[in-house]
Amino acid sequence: MALALSAEQRIEAPPGAVFALFGAGSGAGWVFDAACDRVVAGAAVTLRAPMGGPSGQPVEMLGRISRVRPPGPGAGRIEIQLHMPWRGRLRVHLDVAGTGTRVRLIADLDDVGLQWLMRRRGHALPDEPHGDGHLVGLLTSKSGPGSVFATATESLAALAAQEINADGGIRGRRVRLIVGDDGTDPALGSVEARRLVRSGCRAILASTTSATFARVSDALAGDRVLLVQTLMNEGGLGGDLRVQLGERPYDQLRAAAGPMMREAGGRRWFLAGNDYVWPQAVHTAARRVLAEQGGRIVGEAFAPLGTRDFTPIVEAVSTSGADVVLSSFVGADLVAFERQCHAMGVRDRARSLALALDEPTRERVGDAAGAGMWGVSGYFEQLPTAANTAFLQRYRAASGAFAPPVSSISESVYEALHLYASAARRAGEDEPRTVARHLRCSSAEFPRGTVTVDGPETVSQQLFLAEATAGGFTVSPTLQRATAR
Amino acid sequence: MAPDLAFDALADPVRREILAVLASHEECSAGELSSAIHRVGRTAVSSHLRVLRTAGLIAERRTGRFRYYSLDPTGPAQDVIRLLQELFQGSLDATKIAAEAAAPASDRRAM
């Protein structure tokens, strides 16, 4: 059981009128001003909780509407399953009260959520006690723009841990995950990584932006801790105690550039992305790939992480006459940029290729704004293999029908934990350098297919090109297996 | 307060239920709490209250032979619980203003 917090208000308006305010964006309070394309069960929803006060950044609470009953003669109900920054239910009850409405909000808050809130409010909490288990840190983004792509990450890490433990753990000891939230902020990421190390983790899986990974890698330079970046990245930091898995921009672009130019019927590209190391590396790779494949760059722009108004960049895209927009924004920034491109008519003239476009991000871009967008990575939910079907069944059984979709970004954590456990078993000891040596030559069958690690930043996997369609992606294999280097 | 004690205190579902009851009331007597919590008896509620008080999660006030309990206004758990409740209440207050401004004047007269 979780704590159930409730608030109540009597409103002199009929339940139907109050219900109609939900999701309408009419300034009816942050809960009723939920951002969702439709108020129906299954719709993705974002609540912007003003936790930092009136002047601070709101915390985006991400979830999915799980039940809707419009108030007819009876009571109205809206139920939301929250995914971020903690998991739980938020219920809105609308009951007839005399000539008006009694509205109640009931929010679940579990231990994990309470602990997250306490840390977020700056309360010093003790480090989690050393257990008997084999501790592995998971650094993820439960808040900030990255929380959009991280919605399923923790559940998939837990699923892998459960499978590893059912299989005897690591030399008889259970894998125990300790989770840190970088808030999509490198400085906070290094503070949280330090906490994971103090708690006893000698390996940390980072499913964060490369900006956080690079900062954490520096911060832990003097520690004997193995740091693994699981998701797509530009490489360059691999070493004794650093392993970078995931797709590389050059491979993704080489697989996608040709099909995108054929699809768009033109060769003019506009490069736009967040202003940090990974999007910059994507632009560098794009210059090389487009030179090889006869593309032409007609414009380039960057915006800091956390930007919400992309009007100047969208206008520059429009006037550039681009046929393809290479969009290297991430998470909530990618959602906002693509929705604004759609709203301002860019879709009528140009296709969009986004290397970080994954299922949870597409869902929040929405079906309408998502049309004309493409992604390219090593995994999509739609992969029609038996291994993937069984994997998705296990995930849904553990996380429920309204759980967030799985993506290459979140699935990479599931794989990384399995690869790590296998390396630690083969190593026969916990010494991070020894485990890292075994991790650097690994191969396994995963939901995405065969993944082979052959060096600190050399990963071989099949890449897939995916077109955003209503409710998901249409996926096709690309011609080459990518060997990220 | 000692936060590690607070986590141990929060690990128990009855104690979380006590906190939830206290979160929606200013102050409760031990008797009121016992009647609000059905899954265990009065003696068990008393011992849970002792754990919560030791952890610094709730405050106790004595008047004669009666004891009253409330959330400790200074603890981190209370800080965040209060923050969330204020956020949710503030959000509904804004809903009320928006809904009543949108309701036609004739409706309001009818009320």
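**Entry 1: two helices in chain A**

I looked up H13(A) and H14(A) and found that H13(A) passes H14(A) in a right-handed crossing (the near helix is turned clockwise from the far one by less than a right angle). This is a predicted model, where local features need pLDDT of at least 70, side-chain atom pairs count only at pLDDT 80 or more, and totals for chains, interfaces and linings use all residues. Residues are numbered from 1 along each chain as its sequence is written, while chains are lettered from A and ligands numbered from 1 in the order in which they are written.

Helices (H or I, at least four residues) and strands (E, at least two) are DSSP runs, numbered from the N terminus. H13(A) covers residues 408-427 and H14(A) covers 432-439. They pack at about 115°, axes 8 Å apart. Axes are lines fitted to C-alpha atoms, for helices over the stretch in contact, and angles run from 0 to 180 degrees between N-to-C directions.

I noted who meets whom: Tyr420(A) and Arg426(A) are among the H13(A) residues, and His438(A) is one of those in H14(A).

**Entry 2: a sheet in chain A**

I found an open sheet of 5 strands, in the order E8-E7-E9-E10-E11, with parallel pairing. Strands pair if DSSP finds at least two bridges between them. E8 (175-181) and E11 (242-244) are the edge strands. E9(A) and E10(A) pair over 4 bridges. Ala206(A) has Gln229(A) as its bridge partner.

**Entry 3: chain B against chain A**

I checked the contacts: 35 residues of chain B touch 37 of chain A. Contact needs C-beta atoms, placed from the backbone, within 7 Å. H5(B) gives the largest share of chain B's side, 21 residues.

Note on methods: Contact = placed C-beta atoms within 7 Å.
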